[in-house]
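Me: I would like to go through this model with you, one packing arrangement at a time. Please keep the answers plain.

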Amino acid sequence: MPPRIFVAFLAAFYLFFPSSAAAHDIPNDVVVQAFVRPQRDRLHLLVRVPLKAMRDISFPERASGYVDLARVNVVLPGAATLWISDFIEIYENDIRLSKPQIVATRISLPSDRSFASYEDALAHITGPPLSNDTNVYWDQTMLDVLFEYPIQSEQSRFSIHPALARLGLRVVTALRFLPPSGEVRAFEFTGDPGLVRLDPRWLQAALRFVDLGFFHILDGTDHLLFLLCLVIPFRRLGALIPVVTAFTIAHSITLIASAYNLAPNFLWFPPLIETLIAISIVYMALENIVGGTSLQRRWMMAFGFGLVHGFGFSFALRQSLQFAGSHLLTSLLSFNVGVELGQLLVLILLIPALQLLFRYAVAERMGAIILSALVAHTGWHWTLDRGHVLAQFRFEWPDALLASALRWLIVILLLGAVLWFLKTIFQRWADRAQGIDWKAFAGKFRIGVSAIARSALSDGPREAGRDR
């Protein structure tokens, strides 16, 4: 029998016919480490996976129960194909690459730190294997694999779909992409993240973050309740434009500031913001119950609380910014666009629903009080729960905190100037809107259009005669 056929037969025997080790259970937590690096006409994918995630495969053992490192190398390529490469798709310019070639495999100890960098990992995988005298159990080792894909150019744009969630109950993948420019882009995701563009174009990043913003506002119950409180007293889209605009400008400011690391970086800050968001809901609901609020006061409150909600958006967006590539600002603005589209959809549905409710089911004032009371009740419970979490932190005043507070004091002063400017603009807009006689304006507009039409019709025959 030729040697290649014999090796293939032996690998199949170990893969599909258990000998000394039984099939094992699905591990709870699995951490996968990977590097992706295009070089000339080849793309290298280095992967490290715990061997315990390779289920239904019998790894050869010695009589003592330790893994037989002399014979296990025959099994490793088949295990790498069955559990890794078959569930990883790599695309070059949106064209899926063919199946990779397995260049090298080896068993490593959990204490090995070679995957700290691409160069160390590559040297480790292609280096000498562990000595067969090493005593280690199979479920206490790591499988390192070097895959190689043929590509057209290292300057192409690459994407990857690592569907490795089947390796365990909770799979965390830490992936680093090394483009020819020399920078390292780090990604970390749980489960199956779908298609990940390693170097997205600005339009691809924009579309992804518009989608994130749109569904984030629809999934955020606290933001929806705050929006409901804004809508209840003013159920006209025209009247809500300055309110929603003020809220949008405010949360955009703090969202962008947080993305550029201008927000306080303390453990107690996220619970503080979540508590303040709940308080904003309670306050707006109580203001609706008391009644008498004006449009000007409402958009000013929307601006103030929008600054707080912007920090809440930033916490939800923090993990997703890794998919922005080099288009951070574009992605942030696109996220805001998605949020506004979601808010617009909510307003389009809420306004008619409230109009119908107050017209046919309950009187307007009574309905506003009942709805606001329900929202205030929910917001109050959130305030207590989140306040309890916040109370578990100890507050200290280090120099870094004082410096951060000084920076934000300057920011607040600038925001006050912006608020004053917006107030002036909106006031002028409202004054002009009230001072315009829209019927007279419409009459003059029709007269002007008629005059232009008559002039065009009278000039037509003259131009025709001149041509003759």
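Me: To begin with the helices, how are α7 and α10 oriented to each other: roughly parallel or roughly antiparallel?

Reply: This is a predicted model, and in it helix α7 (residues 237-259) and helix α10 (residues 328-361) pack at an angle of about 150°. An angle over 145° counts as roughly antiparallel, and α7 and α10 are therefore roughly antiparallel to each other.

Me: What is the distance between the axes of α7 and α10, and what is the handedness of the crossing?

Reply: Their axes are 10 Å apart. The crossing of α7 past α10 is right-handed.

Me: Which residues make that contact?

Reply: From α7, the residues include Leu237, Leu240, Val244, Phe247 and His251. From α10, among them are Leu328, Leu332, Phe335, Val339 and Glu340. By class, the contact of α7 with α10 has 15 nonpolar, 5 polar and 1 charged residues.

Me: Next, α5 and α6. At what angle do their axes cross?

Reply: The axes of α5 (residues 202-219) and α6 (residues 221-231) cross at roughly 75° and come within 5 Å. That makes α5 roughly perpendicular to α6. On the α5 side, the contact is made by His216, Ile217, Leu218 and Asp219, and on the α6 side by Thr221, His223 and Leu224. These divide into 3 nonpolar, 3 polar and 1 charged residues.

Me: Turning to the sheet, what is the strand order?

Reply: The order is β5-β6-β2-β1-β8-β9, an open sheet of 6 strands with mixed pairing. β5 (101-108) and β9 (185-190) each have a single partner strand, so one side of each edge strand is left without a neighbour in the sheet. From one strand to the next, the twist averages 15°.

Me: In which sense do β8 and β9 pair?

Reply: Strand β8 (residues 170-177) pairs with β9 in the antiparallel sense, over 6 bridges. Ala174 stands opposite Glu188 in β9.

Me: Which strands does helix α3 touch, and which does α4 touch?

Reply: Helix α3 (residues 76-83) touches β5 and β6 (142-150), and its direction makes about 110° with that of β5. Helix α4 (residues 118-125) touches β1 (29-39), β2 (42-50), β5 and β6, and its direction makes about 80° with that of β2.

Me: Finally, where is the pLDDT below 50?

Reply: The mean pLDDT of the protein chain is 82, with 79% of its residues at 70 or more. Over residues 1-23 the pLDDT is below 50, although this stretch has 26 contacts beyond near neighbours in sequence. Residues 460-468 also stay under 50, with 0 contacts beyond four places in sequence. Where pLDDT is low, the predicted coordinates should not be read in detail.

Terms used. Residues are numbered from 1 along each chain as its sequence is written. This is a predicted model: local features need pLDDT of at least 70, side-chain atom pairs count only at pLDDT 80 or more; totals for chains, interfaces and linings use all residues. Side-chain values use heavy atoms; hydrogens and water are left out. Axes are lines fitted to C-alpha atoms, for helices over the stretch in contact, and angles run from 0 to 180 degrees between N-to-C directions. Helices (H or I, at least four residues) and strands (E, at least two) are DSSP runs, numbered from the N terminus. Angles under 35 degrees count as roughly parallel, over 145 as roughly antiparallel, 65 to 115 as roughly perpendicular and the rest as oblique. Contact means heavy atoms within 4.5 Å. Ala, Val, Leu, Ile, Met, Phe, Trp, Tyr, Cys and Pro count as nonpolar, Asp, Glu, Lys and Arg as charged, and the others, Gly among them, as polar. pLDDT is the predictor's confidence in each residue, from 0 to 100. Two strands pair if DSSP finds at least two bridges between them. A crossing is left-handed if the near helix is turned anticlockwise from the far one by less than a right angle, and right-handed if clockwise.
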